[in-house]
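Thanks for coming, everyone. Today I'd like to go through the salt bridges. Have a look at this.

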Amino acid sequence: EDEVEEAAGRDVSSAGEEPAVCGYRPGRREDREDLVRAIVHAADLAAQTTAAPNAYYFGRMCLEEFHQQHRREVAEHLAETPLMQRLHEPLAQAKAQLGFLAYVVLPLYQALAAVMPEMRGALSNAEQRAAEIDLDRPQEWPGRHPGLLPLD
């Protein structure tokens, strides 16, 4: 929290305050703190806003991690997380990735690009990653992880 407050800086006078951009008011400390938090969160998700080979690499690593988690859930007789089931199937992989892009990455980057136009390139890359996923032909999606095996 202290780092967020420091990055956001001190409050500025409301007199002559800049107009809000998509609800963001740069003159309000709380808004600046929220922006810093959003930027940090966006950095954590940034792999999907990069060139396709890099995005696919990181996406496959996440799919592998989720697949291993599912194996452990089954082995330990725990409740199985639906998102992590059947990730050996291309369609399940494509749906997981498309859901992540559509419900997490794109809304965040759309909001940031509205406030910071220099984020439009990253947003465009994430939109391209989503457009590459064809749920009718998931086996052709270049981001799929062919090395995940079904549970025994």
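Start with Arg37 and Asp34. Their side chains meet in a salt bridge, N to O at 3.3 Å. By that term I mean a side-chain nitrogen of Lys or Arg within 4 Å of a carboxyl oxygen of Asp or Glu. Now, a caution: this is a predicted model, where local features need pLDDT of at least 70, side-chain atom pairs count only at pLDDT 80 or more, and totals for chains, interfaces and linings use all residues. Residues are numbered from 1 along each chain as its sequence is written, and side-chain values use heavy atoms, with hydrogens and water left out.

Back to the pair. Arg37 and Asp34 sit three residues apart in helix α2, so about one helical turn separates them. Helices here are DSSP runs of H or I, at least four residues, numbered from the N terminus. The cut-offs: buried is under 20% relative accessible area, exposed is over 50%, partly exposed is in between, with a 1.4 Å probe and protein chains only.

Next, Arg29 and Glu33. Their closest N and O atoms are 3.0 Å apart, in a salt bridge. Both lie in helix α2, residues 29-44, and four residues apart, about one turn. Glu33 is buried, at 11% relative accessibility.

Then Arg129 and Glu132. This salt bridge is 2.6 Å, N to O. Arg129 is buried, at 6%, while Glu132 is partly exposed, at 28%. Elsewhere, salt bridges with shared partners join Arg28, Glu30 and Asp31 into one network.

And the total? Nine salt bridges by this rule.

Notes
Helices (H or I, at least four residues) and strands (E, at least two) are DSSP runs, numbered from the N terminus.
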